[in-house]
Amino acid sequence: MVPPSFYLILSAILFTLGAAGVLFRRNALVMFMSVEMMLNAVNLTLITYSRLLANVEGQVFVLLVMAVAAAEVAVGLAIVVAYYRHKETADVDEMDLLKW
Amino acid sequence: MEMVLFFILAIVAVAAGLGVIAQRSAVRSGLFLLVNFCCLAGLYLLHNAQFVALVQVIIYAGAVVVLFLFVIMLLGTEQAEESPDLRKYHWIAGLLLGPLFLIGILWALIPVGTGLAPAATEWLQALAPTDNVREIGAALLTDFAIPFELASVVLLVAIIGAVVLAKKRLEG
Amino acid sequence: MLETVWLILLFPLAGVLINAFLGRWLNRRLVAAIACLAVGASFVVALLVFFAMLGLPAETEAGGNGRERIIPIFTWIVAGSFKVEASLLLDQLSILMVLVVTGVSTLLHIYSAAYMKGEEYYNRYFTWLNLFVLMMLILVLGDNFLVMYVGWEGVGLCSYLLIGYWFEKKSAADAGKKAFIVNRVGDFGFALGIMLIFATFGSLAFQDVLPAAGTILPGTATAIALLLFLGAAGKSAQIPLYVWLPDAMEGPTPVSALIHAATMVTAGVYMVARCFTLFEASPSALNWVIWIGVLTAFFAATMALVQKDFKRILAYSTISQLGYMFVGMGAGAYAAGMFHLTTHAFFKALLFLCAGSVMHALSGELDIFKMGGLRRKMPWTFATLLVGVLALSGVPFLAGFFSKDEILLGAYEGGALVPWILGTITAALTAFYAFRLLFVAFYGQPRLDKKIEKHVHESSPVMLVPMAILAILAVLGGYIGLPRFLGLGNAIDEFLHPIFAASVHVPAAAENATMEIVLLAISLLAVAIGFVAAYWIYIRNWGLGARMTKSAQWLYDIVYNKYYVDEAYTEVIVKPLRMLGDFIAVAVEERSIDRAVNGFAQLFGLAGEGLRRLQSGLVRNYALAMFIGIVAVMVYFLVRSVWGL
C-alpha cells in the first residue's frame, strides 16, 4: 500500500520538470506542453488528497481544472497560430514586441 | 501489488516528462507528453478515481495532445530550434533554483504524507469499490452547480476565441 | 419696534444681491432706483427706530442705559471657549451713526444716479455702493469686535473697489491698491488689538469687554488702545496712515463724498467713541489720540492751503477735520467729537457734491486755477458751495461752528492747552483754504479753456436737490448741539450722555460761561483772520498769491509736495519690500520650491525610466522572475517553520 507521500513526491517532481520546461525551452509549443504537465501534476496532488480526506470535492476540482486547461490550450494554440502567420516563427525569444 | 504498479507508472511518467522537456523535436515532445498523460491516468485508477482517469484519457490524451500535434504539424515547427538555447543567466538560475524548488516542495510535503500514516486504515478502505461516477455527478449538480455552468461558459468563450484568433484575415 | 433694527441691514443686502446678479439685464433707471430705495428704506426704518428710542426713558431703574438693546441674529462661531454671536447693539451711539450713514447715503445714491449716467458699468457701481452701506451698517451696529471687524474689512474692500472703479486707468487702480494696502496696515493693528482683547478678557462682546476695562493692567490697556487706534488711524486717515486719502480722489466724486468724507473715514472715530473705556483705562492712550489728531489736523490744513486740485483740497480738509474729531475724543469730549462727525458729514458731502457738479459742467476739469467766474454760470452750485464753505470754516450759526467750538472747548477744559492753540490756528487755516477754494473757482475772471467754457451749464435737478438738502442740514444741523452757556441745553450731548456716563471726563458745569464766551470769541477771531486773508489774496490782489509763492518757493514746494511723505514711504517701505518680494520670488519660489516640486516629479520619471527596462518583452525572463519569486517565498516559509521564527 503506497503511502500518500509517494504520490506527492511524484507530483512535485513532475511539477518541477514542467517548470524547467517552461524556463528552458524556446519553442512556444513545447512551453505549452510543459505547462500542461504542471497542471497535471497538480491534478495528481488533488486526486491524492481527495482520496486521503475521503472527499469527492477534489475530483470535482480536477474535472474543472481539466475543462479550464482544455479551454486554455485551445485559445493559446490559436494565438500561436495567429502569431506564426505574421512572423513565421514560434520562437518565444523572438516574440518581444511588448517591450519598452 | 499496488506498490509495483505505482513504481512502474511513476518511473515511466518521470521519464516521459524528461523526454518532453529535453527533446529537440516538438513532435517527439508531444508524443512523450502523451505517454505522461496515460501514466497519470493509470495513477488515477490506482486512486479509485475511475471517472477522472477516463476523462484524463479522453480529454488530455485524446484531445489536447492531438491538438498539439495538429498545430505542430500545421506550422511545421518540429525543428524549431537547434537545441534548447540557454542564456547564461538561465543556466545559472535554473541550476540553482530548480533543485531548490524541488527540495522545498518535498520538504513541505513529506511531513504531511508521513504524518498521516496512522490513517492508513482509511486509506485501505478507500480501495473498496465505490461508485465514483455517481459521487462526482451528484456533487457537480448540487454543490458545484455554478462552477459547472461557468465551466461551460469558459469553454464556449474558448471556442469563440480560438476561432476568432486563428481566422485568416481577409486582406484588402 | 426696536427689534426690527435688523431690517436696516436687510434692504441694502437685497439691493446688493439684485443688482449684482440681475443688474446687467435691468434698465439703468431700475438699477439706480433699486439701490436708492434700498438705502432709503433703511433710512426710514432707522428714523422709526430712532423715534421709538426717544419714546423710551433714558435711564432704567437700575441706572443703566434705558435705550440700549441687543438684538441677536445668530450664533456665529463656537469653538471651545471662543464664542462669537452675530448680534446687533442698538443704542444712542449706533443709531446716530446709522442715521448719518443711511441719510447721507440716500442723498448720495440719488445724486449718483444722475452723476454716473454715462458710465458703462452702472450696475457694478450701485452694487458696490449698496454693499458699502451694508458693511458700514454692520460695522456700527455690531455688538462685538469681530462683527465690527467684518464691517471694517468690508468697507475697506468697497473703498478699494470703488476707488478703482475706472480700473483701466492706471492712476485709479494704483490709488485703489494704495488705499487698501495702507488700510491693511491699520487693520493689522486692529486685529492684533482684538486678539489681545480676547486674550485679556476672554470675550469679544462689547458688553463683556467695555464695562470691565477698568479691571485690567494699565499696560495692557495701553497696548490694546494703541493697537485699536492704529486701526482707526488707518481707516480715518490720521498720521501716519493718511497718505491714501488724497489718492482716493481718483474714484467717482459721489464715492469720495460718501466714503471718504461722511462715512467710512468716520469709522475710526466711532470705534474710539465706542471703546472709550479702554482708552481711559490706559494712562497715555488718550494723549496719543489727541496729539496725533491735532498734528494731523494742523499738517493736513497746511497742505490744503496750496493744493490746486478741487478734490484734493477737500481731501486734505477731510483729513484735517478728522483730526479735529480725534482731538475731541482725546480730550474726553466724546459727544463733541461725534457731533462734529455728524456736521462734518453734512457739509463735507455737500462740498464734494459741489465738486462733482463743477466737474460735470467743466468736463472733468479739476484745477481751480483753470476755473473762475463760475458764480454767474452755475448759481445753484455756487449757493450750496457757499453754504458748505461757511459751514466748514466755522462761521457762526452754521453747523460747523457749533461742533468745532465744542471740541476746542473740550480740549481747553481738558487741560490740553497746546492742542487747543494748534486747533485754533488750524481753524484759521481752514477758513483760509475754504474761502480760497470758493474765491478762486467761482469769483474773478473766467480762466477756462475755451472749449469747456461753451458747455458750462448748471447741473440737473437730480443732482441739485441732494445738494440743497445737505446745505439745509449744514445750516440747521448745528442746532442739535448748542453751546452750554446759552443755557438752552445741548441736545446731542444729552442724547449721548448715557453712553459716555462712565467717563472720567465730565464736562464742566455751565457756571464757567465767561470762559466759554472768551474761547468762542478767540476762535471766531481765527476764522475772521482766515477769511480776510483769503479775501485779500484772491479777490483784492489777484497775483499776490503767485508773488508770495515765488518769494518763498522752497517752502511752497515742500508743502505742495505734501512734505514728500509719499516719497519717503516709497523709499523706506515700498522699495525694500519690493526688493524683498523680488528676492523671494526668485530665490525661494523659483529656485527652491519650484525645483523641489519639479525635482520630485522628475524623480518618478527617472524611476520609470529605470524600471521600464524590466519589460524586456521576453516571456522566459518573466517566467524566470515569477519562478524566483515563488522559490523565495517558499524558502522564507520553510526557514520560518524550521527555525520557529
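This is a short exchange about how features of a predicted model are named.

Visitor: What makes a feature count here?
Guide: The model is predicted, so local features need pLDDT of at least 70 and side-chain atom pairs count only at pLDDT 80 or more, while totals for chains, interfaces and linings use all residues. Residues are numbered from 1 along each chain as its sequence is written, and chains are lettered from A, ligands numbered from 1, in the order in which they are written.

Visitor: Why is B:Asn48 called partly exposed?
Guide: A residue is buried if 20 or more other C-beta atoms, placed from the backbone, lie within 10 Å of its own, exposed if 12 or fewer, and partly exposed in between. B:Asn48 has 18 C-beta neighbours inside 10 Å, so it counts as partly exposed.

Visitor: What makes the backbone of B:Asn48 stand out?
Guide: Its phi is positive, about 70°, although B:Asn48 is not a glycine. Most residues other than glycine have a negative phi. B:Asn48 is in the loop between α2 (26-46) and α3 (50-75) of chain B.

Visitor: How do you know whether C:Tyr564 is buried or exposed?
Guide: Count the neighbours. C:Tyr564 has 12 other C-beta atoms within 10 Å, so it is exposed. C:Tyr564 also has a positive phi, about 55°, and is not a glycine. It is placed in the loop between α25 (553-560) and α26 (565-611) of chain C.

Visitor: What makes the bond from C:Ile239 to C:Pro240 cis?
Guide: Its omega is near 0°. Most peptide bonds are trans. C:Pro240 sits in the loop between α8 (218-235) and α9 (244-247) of chain C.

Visitor: Why are α1(A) and α1(B) called roughly parallel?
Guide: Axes are lines fitted to C-alpha atoms, for helices over the stretch in contact, with angles from 0 to 180 degrees between N-to-C directions. Under 35 degrees counts as roughly parallel, over 145 as roughly antiparallel, 65 to 115 as roughly perpendicular, the rest as oblique. Helix α1 (residues 4-24) of chain A and helix α1 (residues 2-22) of chain B cross at roughly 10°, their axes coming within 9 Å. Therefore α1(A) and α1(B) are roughly parallel.

Visitor: Which residues meet between α1(A) and α1(B)?
Guide: Contact requires C-beta atoms, placed from the backbone, within 7 Å. Among those from α1(A) are A:Phe6, A:Leu10 and A:Phe24; among those from α1(B) are B:Phe6, B:Val14 and B:Ile21. The contact divides into 14 nonpolar, two polar and no charged residues. Ala, Val, Leu, Ile, Met, Phe, Trp, Tyr, Cys and Pro count as nonpolar, Asp, Glu, Lys and Arg as charged, and the others, Gly among them, as polar.

Visitor: What makes a set of residues a nonpolar core?
Guide: Its members are buried Ala, Val, Leu, Ile, Met, Phe, Trp, Tyr and Cys, joined through C-beta atoms within 7 Å. The largest has 214 residues, and C:Phe132, C:Leu137, C:Val272, C:Ala349, C:Leu350 and C:Ala474 touch the most other members. Helix α15 (residues 334-361) of chain C gives the most, 18 residues. Another core, of 75 residues, lies apart and includes A:Leu14 and C:Leu624.

Visitor: How many helices and strands does chain C have?
Guide: Chain C has 27 helices and two strands. These are DSSP runs numbered from the N terminus: helices are H or I, at least four residues, and strands are E, at least two. Of its 645 residues, 50% count as buried. Chain B has seven helices and zero strands, and 26% of its 172 residues count as buried.

How values were computed: Two residues are in contact if their C-beta atoms, placed from the backbone, lie within 7 Å.
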